[in-house]
Amino acid sequence: MYDAIVIGGGLVGASTAYHLVRGGARVLLIDRADRGRATDAGAGILSPETNVRESSAWFEFAHRAVRYYPALLEHLKSDEAGETGYARCGLLIVAVSEDERPPFEHAKAHIFGRQEQRGAPSRDDLHEVSPRDARRLFPPLGDVTGAIYFRHAARVDGRLLAQALRSAAARRGLSVIEGSVERLVLAGGRAAGVVLGQESVSAPRIAITGGAWSAAFEAQLRMRIPVTPQRGQILHLRRPGTETAAWTIVEGFRDHYMVPWPDARVVVGATRETGSGFDPRLTTAGVREVLTEALRVAPGLADWEIQEMRVGLRPLCADGLPVLGAVPGIEGVYLATGHGPTGLQLGPYSGKVVADLMLGREPDVDLSPFRAARFQGSG
């Protein structure tokens, strides 16, 4: 018998399992390793200060989540967990055409207004820069009509981070099974375990961290889990001999980005294909969209080679916020899913928060905007 079972081995599941075993629990992680898992494809941009789309509830949670990264990385370092790809490299928001000036001015007002209201980050760390300075920070850029720079934005490799969390958790006694949970075992309104193949595994606490596949349990839990897959296609470009280590992340105004890595590589993406279903295919239209936007913003990438193409199915929640916390009416079952395109930004902290709940600890953040019960009674 285990103290807890975690269903789903992506970044959120790995973080939940890791924080549970750090808290002294005996934990089983069950991972089906679905093709198209978002963790394996995402670029991992950590910069809530430059986000202008999400709600204030999202921002407050994201701010805490990103501030938690250094402490988590120290824990992983002490656990000798391996590389995570984390680095502070800065971020540029750029407008490259006249029709982008209005959204640029809106973004500038929103970002700098929040900066003034909060008294942070400092103006040295978050400010407008000239087109010339923007190209110095990311040399492949073309002509830009406006640019905002945030010095402390960071990036992380989702695959490496999830692997590091699982490795560290294994050192502390985590058990892992590759397989599919057919159903939960519930008794008297409480969690009792799961059915896995032909056997049952007992545990009084269960975390459902199945990403885009989490809604598979909504009928048994008698509640809505409005999380559906949103396909994202990304490309890894490479030009051997190019010094990319000091380059900054770039975001434009058409939901695309460019993330540099120190091995002469730039990741460009991504499509946001809502309604894609569980279809983790690369498509000609998707690849064309990504390349067209990348070259529109940074024509200097035109002669780079395509090293790799990836696709991930983001777990997109109907209201744009993650689902975190206890399932109403069933003691011992918890949800941690629905992070959409910001899973690498929010995921490690989400896993910690849900693990705290499962361990009987009070989280250090208000979870009311993310509670699972908000969907009860909705059509």
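1. A charge sits over a ring if NZ of Lys or CZ of Arg is within 6 Å of the ring centre and within 35 degrees of the ring normal. Here the charged end of Lys352 meets that rule over the ring of Tyr68, at 5.8 Å from its centre.

2. A word on the model before going on. This is a predicted model, in which local features need pLDDT of at least 70 and side-chain atom pairs count only at pLDDT 80 or more, while totals for chains, interfaces and linings use all residues. Residues are numbered from 1 along each chain as its sequence is written, and side-chain values use heavy atoms, with hydrogens and water left out.

3. Back to Lys352, which you will find in helix α8 (residues 343-358); helices (H or I, at least four residues) and strands (E, at least two) are DSSP runs, numbered from the N terminus. Lys352 has a relative accessible area of 17%, so it is buried (buried means under 20%, exposed over 50%, partly exposed in between, with a 1.4 Å probe and protein chains only). Leaving aside residues up to four places away in sequence, Lys352 touches Ser15, His19, Tyr68 and Asp364 (contact means heavy atoms within 4.5 Å).

4. Tyr68 also belongs to a cluster that ring pairs build with Phe61, Tyr349 and Phe370. Rings of Phe, Tyr and Trp (its six-membered ring) pair if their centres lie within 6.5 Å; planes under 30 degrees apart count as stacked, over 60 as edge-to-face and the rest as tilted.

5. How many aromatic pairs does this rule give? The count comes to eight. One of them is the tilted pair of Trp213 and Phe278, 5.4 Å centre to centre with 35° between the planes. Trp213 lies in the loop between β13 (206-208) and α6 (218-221) and Phe278 in the loop between β18 and α7, so this pair ties together parts that are 65 residues apart in sequence. Trp213 is buried at 18% relative accessible area, whereas Phe278 is partly exposed at 48%.

6. Trp247 and Trp304 form a tilted pair too, with 5.9 Å between centres and 45° between planes. Trp247 lies in the loop between β14 (227-238) and β15 (249-251), and Trp304 in the loop between α7 and β19 (305-317), so parts 57 residues apart in sequence are tied together. Both Trp247 and Trp304 are buried.

7. Finally, have a look at Gly179, in the loop between β9 (175-178) and β10 (181-187). Not counting residues up to four places away in sequence, Gly179 touches Ile30, Asp31, Arg32 and Leu196.
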